[in-house]
Amino acid sequence: MTIQAINVRNQFRGTIKEIVLGDVLSEIDVQTPAGIVTSVITTRSVRELALQVGSEVIAFVKSTEVSIAKL
């Protein structure tokens, strides 16, 4: 599947703002026009993708359920 085949509503282009490396999992903060999107991925993937602060990326959001609560 190509990036173009994924629903555009679920894609957020942005720049990596912060990376918190862990032994197994790492937290990636991506600054997008809509705000910050945070992803937790394997540290191995961070290394294999050569991700670093300032890298241009696309954050893909996949969700099977979204809950809403009235304030």
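**Reading a predicted model**

Modeller: The secondary structure of this protein comes to 1 helix and 4 strands. Please keep in mind that the model is predicted.

Biologist: In what order do the elements of the protein run from the N terminus on?

Modeller: The elements run β-β-β-α-β from the N terminus.

Biologist: How is the order of the strands in the open sheet to be read?

Modeller: Two strands are taken as a pair if at least two bridges are found between them. Here the 4 strands form an open sheet in the order β3-β2-β1-β4, and the pairing is antiparallel. The edge strands, β3 (35-42) and β4 (56-60), each pair on one side only. From one strand to the next, the twist averages 50°.

Biologist: How many bridges join β2 to β3, and how many residues does the hairpin between these strands pass through?

Modeller: The antiparallel strands β2 and β3 are joined by 8 bridges. The hairpin leads from β2 to β3 through 2 residues. Two positions illustrate the pairing. Gln31 stands opposite Ile36 in β3, and Ile28 has Ser39 of β3 as its bridge partner.

Biologist: Let us turn to burial. Is Thr32 buried or exposed?

Modeller: The general idea is a cut-off: a residue is called buried when its relative accessible area is under 20%, and exposed when this area is over 50%. Thr32, which lies in strand β2, has a relative accessible area of 5% and is therefore buried.

Biologist: Which residues is Thr32 in contact with, leaving aside its neighbours within four places in sequence?

Modeller: With those neighbours set aside, Thr32 is in contact with Phe12, Arg13, Gly14 and Val37.

Biologist: What do the totals for the protein say about burial and surface?

Modeller: The protein has 71 residues, of which 20% count as buried. Its accessible surface comes to about 5,900 Å², and 55% of that surface belongs to carbon and sulfur atoms.

Biologist: Where does Lys62 lie, and what separates it from Asn10?

Modeller: Lys62 lies in the segment after β4. The C-alpha atoms of Lys62 and Asn10 are separated by 6.9 Å, although the two residues are 52 residues apart along the chain. Lys62 has a relative accessible area of 80% and is therefore exposed.

Biologist: What share of the contacts joins residues at least 24 apart?

Modeller: Among contacts between residues at least 6 apart in sequence, 38% join residues at least 24 apart.

Conventions
Residues numbered from 1 in each chain as written. Predicted model: local features only at pLDDT ≥ 70, side-chain atom pairs only at ≥ 80, totals over all residues. Heavy atoms only, no water. Axes fitted to C-alpha atoms, helices over the stretch in contact; angles between N-to-C directions. Buried < 20%, exposed > 50% of the residue type's maximum accessible area, 1.4 Å probe, protein only. Contact = heavy atoms within 4.5 Å. Areas by Shrake-Rupley, 256 points an atom, 1.4 Å probe, with all protein chains shown as cover.
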